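Please keep the sequence and the structure in view while reading.

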Amino acid sequence: HCMIAVATLAAVDAFKAMPPTFAQDFYTGQQSNVAIVQGGYETETGACCDVTLAPGCKVQYISTGGDIHEQGSKNRTRSDTPQGTIITWFGNVKKQMVVVPGSATNSSHNLVCVQYCPTQGDFVSSVQIGDGKKGLFDTPKDLGKRQITQQAPGGLTKVCELWQWTETILGIIPMEKNDFYVDTAVSPPVPFVSHVDVKPLGEHIGTEMDAFINFTPMEVEKFFDVDPSSIKSCPKSEHCNEDSPKLKTLQKHQRFAKSMLDVAEEMAPLVDMSSRADPPPPPALDFGTDFTANEEAKVLVNQGGVLAANGDVCCLASNPGQCQVQLQHSKGVRHYDLTNQRERFDDSISKRVHIDFYGHIKKSILVNVTNGVETCAEYCPIHKRDSLKKFDPWDPFDTIKDLGQTVFEGKPAHHYQWSDMLLKIIKMQTTDFYVNQTGAKAVPLFLTSALTPFGMQQVGSQNQSWTSWELGAQPAKKFSIAGLDTCPLSNQCQSHQMQGHRMRTRQLHTFYSYTKA
């Protein structure tokens with residue numbers, strides 16, 4: 001009984017112990033290692049997507065170093081990394097801003113804002129122990145001395161004091177577990193390592209580990225000299241809704257990193273068009289106007305991943321920089337209603353229902369059933385350059401190569417090949433298409449695309465096949481959806497599920513606007 005009492009008292013003392021606080025204004029070097037694993041599996045060396053069996057998967061790693069200047073006395077933090085400079089400013093400003101040297105706009109201030117996203121909530125120091133709440137899980141607990149090694153070039157190994165807490169919703173629903181290591185061998189103590197395990201409702205989806213290097217209390221006012229007029233006139237980013245699940249470092253990368261469409265728009269004016277002639281007309285094949293089809297598609301995007309011995313694609317934690325692997329497998333019934341500028345896909349794998357409304361609506365929506373009524377759950381915008389046309393996958397801005405008659409899975413087929421262009425001139429992928437054209441109407445059999453953005457090395461692929469093709473008007477009830485006008489904007493428009501959907505429907509401008517360069 002005495003031993004139990006001693007153990008209980010020790011646990012109570014651990015909760016009662018007050019965690020250290022650090023200087024409000026400081027500089028620290030920071031090495032961040034961030035990982036998201038959704039639908040994949042982790043290994044000793046990284047994480048992988050199962051390209052054979054997984055219905056969908058996203059693995060993303062970022063390893064980056066930088067400098068942090070934080071002025072907690074004025075509710076703001078500055079982060080300088082190879083990707084640029086970001087200032088997150090709470091208080092009356094409430095903006096997370098990408099800033100560049102003031103000389104770029106002839107400003108007398110050191111910095112000017114070039115794009116921003118609104119901040120959410122209140123300022124919290126990047127070295128605060130605990131989330132400020134006092135629940136059973138939220139209160140930081142002193143777990144005593146632990147040895148920990150910084151995951152950074154030249155990272156140190158030290159024995160530190162470990163503080164642990166779990167951030168929750170309503171004080172009881174766990175969202176993430178935090179381990180914070182404090183170097184108490186120096187006076188005053190300094191932050192050493194922070195490790196966050198993101199586990200909403202107990203499901204592990206990501207981690208972030210930050211190593212703090214040369215933490216130094218100091219005056220940092222000069223690092224926040226941003227032109228006030230630029231703060232007021234700064235344009236809002238188009239990607240503010242692309243929030244990563246609680247991973248703050250990755251969220252900044254995703255928000256402000258250029259998409260492949262951004263890069264294509266920068267390249268397009270530099271392309272010499274003087275010697276380019278218009279390509280000949282594409283093959284005059286008629287696939288019909290409105291139809292119902294059984295369709296299957298698999299999309300793989302591999303940016304920096306490596307091929308494992310079993311054929312899966314993996315991101316290795318040891319590789320510096322960024323890595324992202326996305327996989328989406330869909331199979332179901334497609335309702336193509338060109339007459340009314342809309343299409344629907346009922347996916348038997350994910351059980352999701354997508355409807356794309358083109359024309360003046362330009363929304364790609366997810367549907368759920370509320371009180372027996374199909375209702376819009378959320379939507380993502382469709383890029384203005386993507387439209388619904390009479391079905392043919394040709395790119396009108398490239399010459400379609402007729403590779404002749406062949407056989408595909410025992411059926412007579414005609415083989416065509418072309419490159420898909422963005423903005424009419426920027427090559428993004430090469431497509432092979434197999435068609436049964438023995439009847440009065442052509443029937444698609446199989447399409448495969450190699451993603452080669454800007455004519456560079458392959459970073460992904462798409463395979464799409466059709467097993468039935470029935471022409472005819474589409475039932476209006478398939479598109480009678482409640483709440484279309486009040487449907488909320490999704491914060492998952494960048495997800496692998498949505499990217500797979502865009503590639504399958506050939507919304508290429510939208511797809512590449514969400515694919516980071």
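This is a predicted model: local features need pLDDT of at least 70, side-chain atom pairs count only at pLDDT 80 or more; totals for chains, interfaces and linings use all residues.

Which strand gives the largest share of the lining of the second largest pocket? Strand 23 does, with three residues. Residues are numbered from 1 along each chain as its sequence is written, and side-chain values use heavy atoms, with hydrogens and water left out. Helices (H or I, at least four residues) and strands (E, at least two) are DSSP runs, numbered from the N terminus.

A pocket is, on a 1 Å grid over the protein atoms alone, an open set of points where a 1.4 Å probe fits, with protein on both sides within 12 Å along at least five of seven lines; lining residues have an atom within 4 Å of a point. The second largest pocket holds about 710 Å³ of space, a volume being the space filled by probe spheres set on the grid points, which are joined across faces, edges and corners. Its lining comprises 32 residues, and S387, K389, W394, P396 and R506 lie nearest the centre. Strand 17 (321–337), strand 23, strand 26 and helix 6 (508–513) each contribute at least two lining residues.

R506, one of the residues nearest the pocket centre, follows helix 5 and has a positive phi, near 60°. Helix 5 (residues 496–504) is largely enclosed by the rest of the structure, because eight of its nine residues are buried (under 20% relative accessible area with a 1.4 Å probe, protein chains only). Among the buried residues are H496, M498 and R504.

L388 lies in the loop between strand 21 (373–381) and strand 22 (401–408). This residue is buried, with a relative accessible area of 6%. Beyond residues up to four places away in sequence, L388 touches Y336, D337, L338, Q341, R342, E343 and Y358, where contact means heavy atoms within 4.5 Å. The C-alpha atoms of L388 and T505 are separated by 9.1 Å, although the two residues are 117 apart along the chain.

Strand 23 (411–422) also belongs to the elements that give two or more residues to the largest nonpolar core, together with strand 14 (291–303), strand 24 (426–436) and strand 26 (460–471). A nonpolar core is a set of buried Ala, Val, Leu, Ile, Met, Phe, Trp, Tyr and Cys residues joined through side-chain atoms within 4.5 Å. This core has 19 residues, and F287, F391, F433, W466 and W469 have the most contacts inside it. Leaving aside neighbours within four places in sequence, the contacts of F433 include F287, W394, W418 and W466. A second, separate core of 17 residues includes V299, L423, I426 and F511.

Elsewhere, strand 7 (residues 95–101) is largely enclosed by the rest of the structure, because five of its seven residues are buried. Strand 6 (residues 84–89) runs antiparallel to strand 7 and is joined to it by five bridges; two strands pair if DSSP finds at least two bridges between them. These strands form a hairpin with five residues between them, and G91 in the turn has a positive phi of about 65°. Seven bridges connect strand 7 with strand 8 (residues 111–118), again antiparallel, and Y116 is the bridge partner of M97.

Note on methods. Buried means under 20% relative accessible area, exposed over 50%, partly exposed in between (1.4 Å probe, protein chains only).
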